[in-house]
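This briefing is intended for a reader with the sequence and the coordinates at hand.

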Amino acid sequence: MLRFGLFGTGHWAAQTHGAGLDAHPRAALAGVWGRNPQRAAALAARLGVPAFDDADALIDACDAVAVALPPDVQAGIAVRAATAGRHLLLDKPLALGTADADRVVAAAQAAGVASVVFFTQRFLPNIDAFLAATAAAGGWQHARAVQLASIYQPGSPYGGSAWRREQGALWDIGPHALSIVLPVLGRVTRVAAMDGPRGLVHLLLTHDGGATSALSLTLDAPPAAVTRDYTFHGENGTSSVPPGDGSALTAFGTAVDQLLAQVDSGARDHRCDVRFGREVVAVLAAAETARAEARTVDV
């Protein structure tokens, strides 16, 4: 049984991290910490665990941390937890810049802790199998990723998220898109970016070996235009990523399973560990520069 400290009190923390840990047969919740003590107390009461006023006290009380906080807050918690020898179950993006991402990677490697970054689609079995088969087939020259979301409609649990409103689709949906494209086309070497209406951001990426990809992302699509479409193009024609077979909650359970497998085996080479999280952050940071300066940026 691994004792997890839950950091965060929002919708994702409660409905995915908290619910997933509460249901997992080999996970025990040690407590909840949040930036809002009242919300932390309410979530802790719902889960039947203590609320902690001090983040370091919860780190001391657990074996691993599950973090569902804005990425700039997450990075600091992750460094403190790793330095204390706690395993890391983090969310995407890992951080809002490469300097903070590097600090997390360095702390995790120095302490030898296991890490998983919860790129949701990578923990759905049918998508994981599709990406493995597609990467093995090879011969891909281009990928197109279009993910147009709409979080500002009435009833959306994410419409009030301050960090999503500030950072937009690049940092919220960009990690999802890159987690699908990178395993097939490989590391990104150059980035160009351009903005469009309603929060649209368009990325054109060059990958190792010369393949390219084009990503179009927004959080503010008209409801009738909400779309998710990932397609690879190459020597064998086209191949589209299927819809995920499962919920975010089942995917999170798989992420917990895979963190536990690392803890049990001593392996520290998970395909979605903090090093991969840092690779994604580097592409997003380069895209931010490309947007601001209207130029192509090397990664």
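The points below describe a predicted model.

The largest nonpolar core holds 103 residues, and helix H10 (residues 274-293) is its main contributor, with nine residues. Seven strands form an open sheet of mixed pairing, and H10 packs on that sheet. The largest pocket has about 970 Å³ of space.

**Nonpolar core**

- Within the largest nonpolar core, the residues that touch the most other members are Phe 4, Phe 7, Leu 88, Leu 90, Val 104, Phe 232 and Val 274.
- As general background, nonpolar side chains in soluble globular proteins tend to be buried together.

**Sheet and packing helix**

- The strands of the open sheet run in the order S11-S10-S6-S9-S8-S7-S12.
- Strand S11 (237-240) and strand S12 (297-298) are the edge strands, each pairing on one side only.
- Strand S7 (residues 188-195) pairs with strand S8 (residues 201-207) in the antiparallel sense, over seven bridges.
- Val 191 has Leu 205, in S8, as its bridge partner.
- H10 touches S7, S8 and S12, and its direction makes an angle of about 45° with that of S7.

**Backbone geometry**

- Most residues other than glycine have a negative phi, and most peptide bonds are trans.
- Lys 92 and Pro 93 are joined by a cis peptide bond, with omega about -5°.
- Pro 93 is located in the loop between strand S4 (87-91) and helix H5 (98-111).
- Arg 198 has a positive phi, near 55°, and belongs to the loop between S7 and S8.
- Arg 198 counts as partly exposed because its relative accessibility is 45%, a value between the cut-offs of 20% and 50%.
- Ala 294 also has a positive phi, near 50°, and lies in the loop between H10 and S12.
- The relative accessibility of Ala 294 is 71%, so this residue counts as exposed, the cut-off being over 50%.

**Largest pocket**

- A total of 41 residues line the largest pocket.
- Those nearest its centre are Trp 12, Tyr 158, Trp 163, Arg 164 and Asp 172.
- Helix H1 (11-23), helix H4 (71-83) and helix H7 (162-172) each contribute at least two residues to the lining.
- H7 supplies the largest share of the lining, four residues.

Key
Residues numbered from 1 in each chain as written. Predicted model: local features only at pLDDT ≥ 70, side-chain atom pairs only at ≥ 80, totals over all residues. Heavy atoms only, no water. Core = buried A, V, L, I, M, F, W, Y, C linked by side-chain atoms within 4.5 Å. Buried < 20%, exposed > 50% of the residue type's maximum accessible area, 1.4 Å probe, protein only. Pairing = 2+ DSSP bridges. Contact = heavy atoms within 4.5 Å. Axes fitted to C-alpha atoms, helices over the stretch in contact; angles between N-to-C directions. 1 Å grid on protein atoms, 1.4 Å probe; cavity = no way out; pocket = protein on both sides within 12 Å on 5 of 7 lines; lining within 4 Å. Points joined across faces, edges and corners; volume = space filled by probe spheres on them.
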